[in-house]
Amino acid sequence: MCWTNIKLIWGRELKDQLRDRRTLFTVIVLPLLLYPFMGISLIQVTQFFREHATKVWVVGSDNLPQQTPLLAGQTIAPAWLEPNSQRLLQLQFSGEGDAELTKLVEHFKTMGQSKEVSDLVDQLIQQQMIKRNVDLAVVVPHPIDTENGPITDADSPNVLLFLNSASDKSRIAFERFNGVLKKWQIGIFEQKLSAHNLTKSFAQTVNISSVDVAQKKERQAAAWSKTLPLLIIIWCLTGAFYPAVDLCAGEKERGTFETLLASPASRTEIALGKLFTVMAFSISTAVLNLISMGITSTFVLGRISQMPGSTLAAAALGPPPLASMFWLFVAIVPVAALFSAVSLAAAAFARSSKEGQYYLVPLIMISMPLMVLPMLPAAKLDLGTSLIPITNVMLLLRALIEGNFQGVVPYLAMVVLVTLICVASAVRWVVHQFNSESVLFRASERFGISSWLSYIFKERGDMPALGHALLCGIVILMTKFFVGFAVQVPVSWYDFARQTIVVLLATVAMPAVLMAIVLTRRPRVSLRLVWCRPSFIAAAVFLAVCMHPTFTVLSRTILYIYPPSESLA
């Protein structure tokens, strides 16, 4: 083995890859832009991480003890819940018509009662929770006496928590209220130790029990609703991208693209024909994966559940509900059309199959945050999320699979409208790409750093090109991102004005001036540093007066649709 030959081959291949600017972009430029972009996206998405208030229905609050009280009026006592967290638990109290419900729970939620009677009470509680639109039901069936020894035995709970495990909000409400009850238990225990000089063995204070009112089918639907929409989006994307690259960039490499363009078919007809081809592959990929997963899960999970002593969570998951399959099949068509059009437009821009593969990474970078957002527990379909592409479809599918039809109806038209606009825009982009000679007949080029630098300084134009403008915008965005962490909150108008001027000069003016000097022959003309007519000055004043209230209205509208969390504010 000759190391000299290895070194020569290594040097040759390294230089060959360094001449490819797509490789340099993926290896060098993309990592520099990726994480600041993710940081900016994370800051914008943090508003969806805000904690939403959960509704708790309290039945039998009169049975709570007066000593060491759990409640203070209509809220949790400040000793058990911080004032800043009071808004997260909205309490509703039972009325006069709830006495019969309390009596049922008192009689039947005790040891020795049959499962049928217990299920009947669970159904009654669940119906009342749906009717009252609450996330958690707290029932106190017996009067609680904290003065005289142990309150009750372990088989007769003092406080019952009824939750619906198929609902994320119900589980969150259970965790919040259960945490309050645990602090309350400790408080009662310490009060009894102090009042009666008891030992730690006297630890039984208030017995708390939780009951899951969700049906098995509801729990299965809730589990699948978080998985199936994400898989459908990924399958549609991967099923569309690779055929699109082969139909465009692959044909350019094989030399058959010019023959197709010379046919009697118009450019629009060629674009739509290729689009429908890519859609067929995208839909087929998603449908076949969906059918295969459904059949496999039905047999595999069914066999696992029959195994003695099986404790796997998958055994309780069960196969996907049939209703979910119907909604997924309906959603596959617009999602496949959107990703097929975007993939085909990107592939038409590529000169070769290798270059087309590089475009998959930015496409995934843009799509991934939209896919991850619906997976958050606090994410729900509302006016704000219905305006976000891909996210709105996933949240819509999630609600439909869970059977939450009432929560879908107000936003169904908005989701359909936004999706259709995105599909129409993507198809129009494809048609535009196929009607552009500069896109279809871009010749393959060799890239070198020295030739690129020579081109920058020798072949500069009087005005910046579109690529220069986009690069300048990215530089300004990245600069503002990092500088934003260094500035402090101003305490006066003078500090605010000075800080604003410095930030604008450092993050907006400086990158624009430097790029105008480097990338253009006439920076003064590029930056429009010329004398203007009085009418332009009048127009600038008019726009300043008109745009400020317009911007204020727009800002308030955005804050109404996407209200920021308190911590972000």
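Let me begin with a definition of residue classes: Ala, Val, Leu, Ile, Met, Phe, Trp, Tyr, Cys and Pro count as nonpolar, Asp, Glu, Lys and Arg count as charged, and the others, Gly among them, count as polar. What you see is a predicted model, in which local features need pLDDT of at least 70 and side-chain atom pairs count only at pLDDT 80 or more, while totals for chains, interfaces and linings use all residues. Residues are numbered from 1 along each chain as its sequence is written, and side-chain values use heavy atoms, with hydrogens and water left out.

I start with the cavities. A cavity here is a set of points, on a 1 Å grid over the protein atoms alone, where a 1.4 Å probe fits but cannot get out, and its lining residues have an atom within 4 Å of a point. Grid points are joined across faces, edges and corners, and a volume is the space filled by probe spheres set on the points. With those terms, the structure holds three cavities of 30 Å³ or more.

The second largest cavity has a volume of about 40 Å³, and its lining consists of Ser225, Lys226, Pro229, Pro374, Met375, Met394 and Arg398. By class, that lining has four nonpolar, one polar and two charged residues.

The largest cavity has a volume of about 50 Å³, and among the residues lining it are Pro334, Leu338, Val393, Thr419 and Cys422. Its lining has eight nonpolar, one polar and no charged residues, and helix H10 (322-349) and helix H14 (405-434) each supply at least two of its residues.

That brings me to how these helices pack. Two packed helices are described by the angle between their axes and the distance between the axes. The axes are lines fitted to C-alpha atoms, for helices over the stretch in contact, and angles run from 0 to 180 degrees between N-to-C directions. Angles under 35 degrees count as roughly parallel, over 145 as roughly antiparallel, 65 to 115 as roughly perpendicular, and the rest as oblique.

How do H10 and H14 cross, and at what angle? Their axes come within 9 Å and cross at roughly 25 degrees, so H10 and H14 are roughly parallel to each other. Their contact, meaning heavy atoms within 4.5 Å, includes Trp327, Ala341 and Phe349 of H10 and Phe405, Ala426 and Phe434 of H14. The residues of this contact divide into 18 nonpolar, two polar and no charged.

H13 and H14 pack at an angle of about 150 degrees with their axes 10 Å apart, and are therefore roughly antiparallel to each other. Among the residues that meet are Val393 and Leu396 in H13 and Leu412 and Val415 in H14.

Finally, the axes of H10 and H13 come within 9 Å and cross at roughly 165 degrees, so this pair is also roughly antiparallel. The contact is made by residues including Trp327 and Val335 of H10 and Val393 and Leu397 of H13, and by class it has eight nonpolar, one polar and no charged residues.

How values were computed
On a 1 Å grid over the protein atoms alone, a cavity is a set of points where a 1.4 Å probe fits but cannot get out, and a pocket is an open set with protein on both sides within 12 Å along at least five of seven lines; lining residues have an atom within 4 Å of a point. Helices (H or I, at least four residues) and strands (E, at least two) are DSSP runs, numbered from the N terminus.
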